[in-house]
Amino acid sequence: PEPFLSSGKGGGVIQGTASESLLVSLVAARARALDSFPESHRAQYASKLVAYCSDQTHSSMQKACMIVGPMELRVLPSTAEKCLDPHALSSALERDVIAGLIPTFVCATIGTTSSTASDDLSQIAASCHAVPAAQPWLHVDAAYAGSACICPEFRSLIDGVEGFDSFNFNPHKWLLVNFDCSTLWVQNRDHLVNALSVTPAYLRNAQSDEGSVIDYRDWQIPLGRRFRALKLWFVMRTYGAEGLREHIRKSVNLARRFEQYVNESDLFDMVFPRDLALVCFRLRGSNDQNRALLDAVNNTGKTYITHTVLDGSYVLRVAVGSVMTEEENVDHLWKLLVEHARQLGPLSS
C-alpha cells in the first residue's frame with residue numbers, strides 16, 4: 001500500500017530475520033510510546049509498557065520483549081481457528097488502560113508457525129481503534145505466508161494491512177532467496193530513525209547531515225549490513241514475477257495432493273484446515289505413536305517432516321516449498337508414512 005512506500009513517509013529495509021524485524025519494530029514502538037512523556041520521567045513510564053500477541057505467535061515475540069525490557073507481554077488465548085481474538089484483544093487493552101498501563105505493541109501473524117493460521121488484520125486494527133486511549137504500534141509478522149501474496153488469489157490474506165505500522169515477510173522462506181533475507185516495511189520511517197539513530201563523530205558525513213542519503217544503519221540493530229538486496233534482485237530477475245507465482249502455486253497444489261491422501265485414508269486425519277503449502281495431520285493413535293512415526297520416517301533419510309503440538313495433540317506436518325519437489329516425491333512420502341504406520345501395530349487413542 002502507498003503509506004509503506006519511500007516516496008512518502010514510509011519505506012522498507014532488508015533485515016536478517018523476522019526476529020530482527022520484530023525486534024526493530026518493538027524498539028521503535030517503545031520509543032514512540034515514551035516520546036510523549038518528559039525525558040526525566042520516561043524511566044518511570046517504561047515500566048508501564050505492554051505488548052500483546054496470541055498463544056500462536058512466534059517465540060521471537062517473547063524474546064524481543066525480554067531484550068527491550070521492561071515490557072510486559074500479554075499472551076492472549078487464540079480462537080478455535082488459532083487466530084488472535086479481536087474481542088480478547090480489545091478487552092485486554094481496556095483493562096490495561098484502566099489500570100494505568102500503556103498499550104504499546106500488538107503483533108498479528110499471517111501464517112502462524114504451527115498451523116499457518118492467519119489473523120484478521122482488519123478486525124485487529126478495528127479492535128485497537130475501539131479503545132481510543134490505546135494507540136499501540138501494530139505489526140504484521142508474515143514471515144512464511146507473506147510470500148504467497150505475490151499471487152492475486154492469496155492477497156486477501158493481508159486485507160487491512162494499511163491499518164498497521166509495520167509489515168514483514170521472509171523471501172528466504174518461500175521465495176527462493178538464500179538465507180538471510182527478511183523484508184520490513186514501515187509507514188513512518190522517522191520512528192525507526194528516532195529510536196535507533198546514534199551518530200558519533202567518526203560516522204558523520206556531509207551527505208547524512210544534509211539528509212540526501214538514507215542511512216540504513218539507523219533502521220536496524222547492527223551498524224554494518226550485508227548486500228542482501230543483490231541476491232533478492234538475482235532471484236527476481238531469474239524467475240520473474242510469473243515464475244515466482246508459479247513456484248508458490250506449485251507448492252500449494254502439491255500440498256493439496258498430500259491433503260487428499262490424508263482425507264481418503266483410514267489411518268490419518270487432518271488436524272487443521274490447509275490454506276497454503278503446510279499440511280497438519282496425525283495418525284489415528286496416541287501422541288507417542290505419532291512421535292514414533294515421525295522418528296521412523298525421518299530416520300529413513302529419504303524425507304523429512306516436522307511436528308508441533310496443537311491443543312495437546314502431537315501433530316505431524318508436511319511443508320512443500322522446494323523447486324525440486326514433484327508429485328512423485330509427495331507420493332513416495334505418503335507410501336513411507338503408511339508403511340511405517342502399519343508397522344506400529346494396533347493404534348491407541
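Two strands count as paired when DSSP finds at least two bridges between them. In this predicted model, phenylalanine 272 has cysteine 280 of strand E9 as its bridge partner. That bridge belongs to an open sheet of 4 strands, ordered E8-E9-E11-E10 and paired antiparallel.

- From one strand to the next, the twist averages 45°.
- E8 and strand E9 (residues 278-283) run antiparallel and are joined by 4 bridges.
- E9 also pairs with E11, again in the antiparallel sense and over 4 bridges.
- Cysteine 280, the partner of phenylalanine 272, has arginine 317 as its bridge partner in E11.
- E10 and E11 are antiparallel, with 5 bridges between them.
- E10 and E11 make a hairpin with 2 residues between them.
- Aspartate 311, in the turn of that hairpin, has a positive phi of about 50°.
- Of the 7 residues of E11, 5 are buried, and the strand is mostly covered.

**Helices across the sheet**

- Helix H10 (residues 287-299) lies across E8, E9, E10 and strand E11 (313-319), and runs at about 30° to E11.
- Helix H11 (residues 327-342) lies across E8, E9 and E11, and runs at about 115° to E8.
- The 16 residues of H11 should span 22 Å at 1.5 Å a residue, and the end C-alpha atoms are 23 Å apart, which agrees.
- The buried residues of H11 are Val330, Asp331, Leu333, Trp334, Leu336, Leu337, Val338, His340 and Ala341.
- The cover over these buried residues includes helix H9 (228-263), E8, E9, H10 and E11.

**Aromatic pairs**

- The whole structure holds 10 aromatic pairs.
- Tyrosine 144 and tryptophan 174 have ring centres 4.8 Å apart and planes at 10°; planes under 30 degrees apart count as stacked, so this pair is stacked.
- Tyrosine 144 is in the loop between strand E5 (137-141) and strand E6 (166-169), and tryptophan 174 is in helix H6 (residues 171-174), so the pair ties together parts 30 residues apart in sequence.
- Tyrosine 144 counts as buried at 16% relative accessibility, and tryptophan 174 is buried with a relative accessible area of 1%.
- The rings of phenylalanine 167 and tryptophan 185 have centres 6.2 Å apart and planes at 40°, so the pair is tilted.
- Phenylalanine 167 lies in strand E6 and tryptophan 185 in strand E7 (residues 182-186), so this pair ties together parts 18 residues apart in sequence.
- Phenylalanine 167 is buried, with a relative accessible area of 9%, whereas tryptophan 185 counts as partly exposed at 29% relative accessibility.

**Two single residues**

- Asparagine 298 is part of helix H10, and is buried with a relative accessible area of 15%.
- Leaving aside residues up to four places away in sequence, asparagine 298 touches Thr303, Tyr304 and Ile305.
- Proline 1 sits in the segment before strand E1 (11-15), and is exposed with a relative accessible area of 51%.
- Proline 1 touches Val161 and Glu162, again leaving aside residues up to four places away in sequence.
- The C-alpha atoms of proline 1 and glutamine 187 are separated by 9.5 Å, while the two residues are 186 residues apart along the chain.

Terms used:
Residues are numbered from 1 along each chain as its sequence is written. This is a predicted model: local features need pLDDT of at least 70, side-chain atom pairs count only at pLDDT 80 or more; totals for chains, interfaces and linings use all residues. Side-chain values use heavy atoms; hydrogens and water are left out. Axes are lines fitted to C-alpha atoms, for helices over the stretch in contact, and angles run from 0 to 180 degrees between N-to-C directions. Contact means heavy atoms within 4.5 Å. Buried means under 20% relative accessible area, exposed over 50%, partly exposed in between (1.4 Å probe, protein chains only). Rings of Phe, Tyr and Trp (its six-membered ring) pair if their centres lie within 6.5 Å; planes under 30 degrees apart count as stacked, over 60 as edge-to-face and the rest as tilted. The expected span of a helix is 1.5 Å times one less than its number of residues.
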